[in-house]
Amino acid sequence: MTLTQANEPAPVRLEGVTKRFGGDVVAVDALDLAIEPGSLVTLLGPSGCGKTTTLRMIAGLERASSGRILIDDQDVTRLPANLRDVTMVFQSYALFPHMNVFDNVAYGLRVARVSGADLARRVDEALEMVGMQGLERRSSAELSGGQQQRVALARALVMQPRVLLFDEPLSNLDAKLRRRVRQDIRDLQQRLGITSVYVTHDQEEALAISDVIVVMHQGQVQQTGSPFELYTRPVNRFVADFIGSASFLPGSYDGESVRVADYSFRHPQAVSAGEVSVMVRPEAVRVVLDGDEPDATSDATSDPDVDGAAGGGVADHEAVRSQAERSHESAPKVNGLEATVKSVGYLGLATDVVLETAVGELNASVTGEGRSELARGQEVRVVFRPAGIYLLPAAQGE
Amino acid sequence: MAVRSIIQSRSLATTSSAWIFALSSLVFFLALPFGRPGRAFLTIDPAFRPWNLDGPWLWLVPLMSVVALAAALLPLDSTRRGNILILTGTTGFVAGSGWLIATGVPFGLGAVFTLAALVVVGGYGLSLSGRVQGDPFIASSILFVALLIVLLIIYPLFTVLQTAVVIDGRFTFEKILATISGPRFLFLENPFTERSEFALAMSGIPVGAAAFLAWALFRRAALSRALLMVSGGGVAGLVVGVMLFGRGAIATSLLLAVIAATVSTVLGLAFALLGQRTRIAFVRRSMSAISLLPIITPPFILAFAMIFLLGRRGLLTHDMLGMSNSWIFGLPGVALAQILAFTPIAYLVIQGSVAGLNAALEEASVTLGASRWHTFRTITWPLLRPGLANAFLLSTIESFADFGNPLILGGDRNYLATEVFSAFAARFDPSEAAVYGVVLLIIVLLVFYAQSRWLGQSSFVTVTGKPSLGGFSPLPRALEVTLLVGFVLWAVAVIGLYASIVYGSFVQLWGVNSTLTLRHWRDLSNTGIPVFLYTARIAAISAVPAALLGFLIAYLVVRQNFWGRRFLEFGSMLSFATPGTVMGVAYILAFNTGPWLLTSSAVIIVLAFIFRNMPVAIRGGVAGLAQIDPSLEEASTTLGASTGRTLRLVLIPLLIIPLVAGLIFAFVRAMTAISQVIFVVSPGNMLTTVLLLGWVEQGQIGRAAAMGTLLIMTMLTVILLLMLLTRKRGLGSGEVVP
């Protein structure tokens, strides 16, 4: 038996799960969640949103105040943590400091009364999977952070759990290592097909590894969906803000085109007409330098050549590459939104620009060569690329 | 594959292991006698088998065991099973203990084991029904600890209260009134003096009022405020007057506490300053030895030694100064003995505050233009104040509770702690003893309350005193020299006292015949050594449960969240705060008759030691747990280990040093305790300290000195071994001091 033939992955279901602390503090509020077997679901949100409490309730380390938790269609709401087929990788790794690597990984098997050759073989397999074979006799204090993390993962995997839980497992690693380890975790999870629940407050991490992301805020689920869905079609301003960054401008929608101040552009979206809040991703903003502006007839979104021809006046040369994608969009008769450059921050790959418009502040991420000419106080016009635009009903955009 | 099926079956358990305990309770009930005829604990008397006993409802107990057994074995969902187990466990327990209380039959072995098994059944119920988050081990532990606290701490104290107000089965305040209006309590008119103590005490009123009137006039206070101050001054004057001239137990104890606590605190501060900031490294290093003294010494041993040096035949007073008076027998002597004994305690408490003083703060203040005095007043003093207040209050409590020193050196004065004992043992009046006990308990609890109110958590924090980084700022020369002189005098006095005990054990008769002899040591082998070994055995037996129970309570309080957690904290604090004499009289009153008959046995001594010394282990456990990441336990739990296994495999290995330290401190405290156990010893169950005190009172001082020497040397060896052990494991010795 190898680990790839481990237990069948189990579905996890939470029905109206609520957790109250001390009577009146509601940490998790009537949470419903269905997790497909074998998938990796991330609970994402700011600290205090209830994501860790939810994870700990699935583990059995906290008991739900009300509601039901089902693992493999069995109600485990009141089952003690040590009787659940669930293991967890902790933020602090929680390696037993008085045991070496082998004993740490063997701990759960010994508790389950596995011994002898079987024990050694399974520990070896688990350590091999995480690339830690040969370090069995090391004390856990002699390991680097990344190595400790791997041992903690092996210790959880060796139990062949029905569900594997991760509580911010990468937050104690440095940025570069974090990327590598998160990819390793994702690869292992896919190979073993273990149902996994992953808690993080890092949206980039969540986007990179998840099948499904659950965005939580103040104990409630804001939105559940694939990374792509959440990024392109957030249901409210909180989600839009938390996943990536976005600016919101007030506008109006007539069913076909959107009007922001005196800038109007076509945008097909199933949202009722009237007041809307326009979500603008930074990469959707194209900056047009004012003095070099092409003539009034030009359509900012459909005529990139004009941009390019204007003596480098358009900061966004990268726009050229997405010409085809944008050309289907018909032109509004106004050629952009007037704005003043408030600040410029050069980040290498892109330049962050904060723009002041008549209807609010706008964050832009500008690439291409022309961006070097941007300076504080400069009068510019901006136009939007459709991929990064999404309309929210005005109430949700507040 | 076998493993997988085991792991999978974890969640499919159809029966509960509660059946083991349900069955045990049934077997114990049927196999062992539920009661016993007399004091002998292990008797198995057929007359006390359940079917020979009255009270048909006693049979509710086995009935409940059977129902619980069925509930544990039948396939039920866990909430329902849990509810049934709670119901059966509770009903069985109440029926069993209720039968004991109603009939007054002393509990037998069967009752102990049956009821304990039913408690575990109830614990399973609490866990399965989800009323307590945690497994049956946690739930049962909570129940056990709560029951033990009720039975062995709350109930005895309640009995004291009851004895004070219920006389001959009738509720009355007569005894309280009679006692507090009696001469021993407040006013003791000394017929051999011309003056009237009462008049002198009352004269405090006008003196105090006048003093405050003068103060009010000086401050030009408004009329209403001035009146308030004058009446306040009158009250303060009365209190001081009573303290000075009242001579009764409460007045004396109060005056003694004020003197001893003030001087101990001042000396403690002086030593702490010296220990941190003297230029002489030797003095800095030797200061930590001071902290050992109160641990290794029985509380009254210095008083005993003072008789050698300062008594009627004292080396200093008689031989060297030619005096023949006996000023040490009375308030001055007791105060001196207490100061010598409490200064190390005050030093330990204050040392933390002084070590926390950052020299940079004072330097900053000086560079900002403040004068030295201003700096002291605005920076140093506020930082020191909590430590000083803590030391003062702790010394006050110790002074009130102190029993040995007043007993040996008390002279013609009365003290609250000794009155409890003499009312009980000399005047054979349990009610009067109870009244004194209640008064003493109230005073001490008030001081404790004040301490926790003002100082919050700091009273329970282990005094470690990590020296702050940054500059070493030495004391001003003049101050340093003064403090050094004080320290040297104190050290000479203490060394002299200890040396005199050792020396005293080798001379024929102190002050009369100074020929050297081994007679006292030979005498010791007849009566002394067996008692010493017996005491060591009892202390060792009690140290294990004291340390384990203390750590269990620490674990429950720190790591678990359950209804009644504050009660657990309060209950265990109570056993720590209660003066030993009060707890002693409480144990005698509560366990002398009726269902919980325990007196005249080794069991009651062991129980007294366990619950007296457990709080030290609690504090050690709390401090130890604070250093351990709770994720370690959670990791163990998610890997399938029950709480019991987690404790055994993870927490105990990681906490082994504080656990051993707790064990040793429980042992040492048991060996040197006197105030509580003097009530519960019995012929055949004699303890070293009680025997030693008896010898001192009978004038067998040579033999007493030999015993004292033996005791101190043994304690010193044990503590040094502990320090060696902790140092080897890389823990600072300061961390193990309770």
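**Figure 1. Pairing of strands β3 and β4 in chain B of the predicted model.** Strand β3 (residues 507–509) of chain B runs antiparallel to strand β4 (residues 513–516) of chain B, and two bridges join them. B:Leu509 has its bridge partner, B:Asn513, in β4(B).

**Figure 2. The turn of the hairpin formed by β3(B) and β4(B).** Three residues lie between the two strands of this hairpin. In the turn, B:Gly511 has a positive phi of about 80 degrees.

**Figure 3. The contact between chain B and chain A.** Chain B contributes 28 residues to the contact, and chain A contributes 33 residues. On the side of chain B that touches chain A, at least two residues are supplied by each of the helices α1 (2–9), α4 (78–103), α27 (630–638) and α28 (643–654). The largest share of this side comes from α27(B), with six residues. By residue class, the side of chain B that touches chain A comprises eleven nonpolar, eleven polar and six charged residues.

**Figure 4. The fold of chain B, which holds 32 helices and four strands.** Along the principal axes, the C-alpha atoms of chain B fill a box of roughly 85 × 70 × 65 Å. The radius of gyration of chain B is 29 Å, which agrees with the value near 27 Å that a compact globule would have with 738 residues.

**Figure 5. Burial and contacts within chain B.** Of the 738 residues in chain B, 49% are buried. Among contacts between residues at least 6 apart in the sequence of chain B, 77% join residues at least 24 apart.

How values were computed: Residues numbered from 1 in each chain as written. Chains lettered and ligands numbered in written order. Predicted model: local features only at pLDDT ≥ 70, side-chain atom pairs only at ≥ 80, totals over all residues. Rg over C-alpha atoms; globule rule 2.2 N^0.38 Å. Buried ≥ 20, exposed ≤ 12 C-beta atoms within 10 Å, placed from the backbone. Contact = placed C-beta atoms within 7 Å. Nonpolar A, V, L, I, M, F, W, Y, C, P; charged D, E, K, R; others polar. Pairing = 2+ DSSP bridges.
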